[in-house]
Amino acid sequence: MSGDSSRNAGSRGSGGGAPGPAAAPVIAVRMESLLAWLAERVAQFPRDHRFTVGDRLLHACLDITEHLVEASYRRDKRTDLAAASRGLVRARILMRLAHALRCVSEAQHLQFARESDEIGEMLGGWLRSAHPR
C-alpha cells in the first residue's frame, strides 16, 4: 500500500457525523484483512500450538481491531490508540514465537511482519495526530 494511506488512517469519509459501517478507518480495514489472513494460518497450526499461541495471536489481533474501531468513534482517541499499539507489539512477539515453533513459514512470518509494520506506521501517525498540541 502506498505511503498516502497513513494520512487517511483516521479519516471517516465525507460525512461529518459518527462513522457508519462502511466508513471504517483505512487502518481498521487493513487490520481486518490481516486478521482474516492470520485466521487461515492459525487454522493450520499444529494442534499443540493452535489453542495456545494461535488463540493468543488471534485474540491480540482482534483486540487491536476493536481498539481501532473504538478510536474512530471517540473524541479522545489516545487511550484506544495506545492500547492498539501495545496489542500490535504483543501480536508481533506471538508471531515470532509461532515462527520459532515452526507454526508458520519464513514467508508467512515475513508477510505478517510487512503488514504489521505498515499498520504500525499508520497507527503511529494517527497517534501523533491525536496527541494534543
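**Exercise 1. The loop residue Arg102**

Determine where Arg102 is found in this predicted model, and whether Arg102 is buried or exposed.

*Solution.* 
Step 1. Locate the residue: Arg102 belongs to the loop between H3 and H4.
Step 2. Consider the surface. The relative accessible area of Arg102 is 73%. Exposed residues are those over 50%, so Arg102 is exposed.
Step 3. Examine the backbone. Arg102 has a phi near 65°, which is a positive value in a residue other than glycine.

**Exercise 2. The overall architecture**

State which pattern the protein chain follows along the sequence, and what percentage of its residues count as buried.

*Solution.* 
Step 1. Take the secondary structure elements: the protein chain contains four helices and zero strands.
Step 2. Read in sequence order, these give the pattern α-α-α-α.
Step 3. Turn to burial. The protein chain has 133 residues, of which 35% count as buried.
Step 4. Consider the contacts with a separation of 6 or more: 68% of them in the protein chain join residues 24 or more positions apart.

**Exercise 3. The packing of H1 and H4**

Decide whether H1 and H4 are roughly parallel or roughly antiparallel, and list the residues through which they meet.

*Solution.* 
Step 1. Note the geometry: the two axes, of H1 and H4, come within 10 Å and cross at roughly 160°.
Step 2. Apply the cut-off. An angle over 145 degrees counts as roughly antiparallel, and H1 and H4 are therefore roughly antiparallel to each other.
Step 3. Name the residues. H1 contributes Val26, Ile27, Arg30, Met31, Leu34, Trp37, Leu38 and Arg41, which meet Gln108, Gln111, Phe112, Glu115, Ser116, Glu118, Ile119, Met122, Leu123 and Trp126 of H4.
Step 4. Sort them by class: the contact of H1 with H4 has eleven nonpolar, three polar and four charged residues.

**Exercise 4. The packing of H2 and H4**

Carry out the analysis for H2 and H4: find how their axes are oriented and which residues make the contact.

*Solution.* 
Step 1. Helix H2 covers residues 47–73 and helix H4 covers residues 106–130; they pack at an angle of about 25°, and their axes are 13 Å apart.
Step 2. This angle makes H2 roughly parallel to H4, because angles under 35 degrees count as roughly parallel.
Step 3. H2 passes H4 in a crossing that is left-handed.
Step 4. On the H2 side, the contact is made by Cys61, Leu68, Ala71 and Ser72; on the H4 side, by Phe112, Leu123 and Trp126.
Step 5. By class, six residues in this contact of H2 with H4 are nonpolar, one is polar and none is charged.

Key
Residues numbered from 1 in each chain as written. Predicted model: local features only at pLDDT ≥ 70, side-chain atom pairs only at ≥ 80, totals over all residues. Heavy atoms only, no water. Axes fitted to C-alpha atoms, helices over the stretch in contact; angles between N-to-C directions. Helix = DSSP H or I, 4+ residues; strand = E, 2+ residues; numbered from the N terminus. Parallel < 35°, antiparallel > 145°, perpendicular 65-115°, else oblique. Left-handed = near helix turned anticlockwise from the far one by under 90°. Contact = heavy atoms within 4.5 Å. Nonpolar A, V, L, I, M, F, W, Y, C, P; charged D, E, K, R; others polar. Buried < 20%, exposed > 50% of the residue type's maximum accessible area, 1.4 Å probe, protein only.
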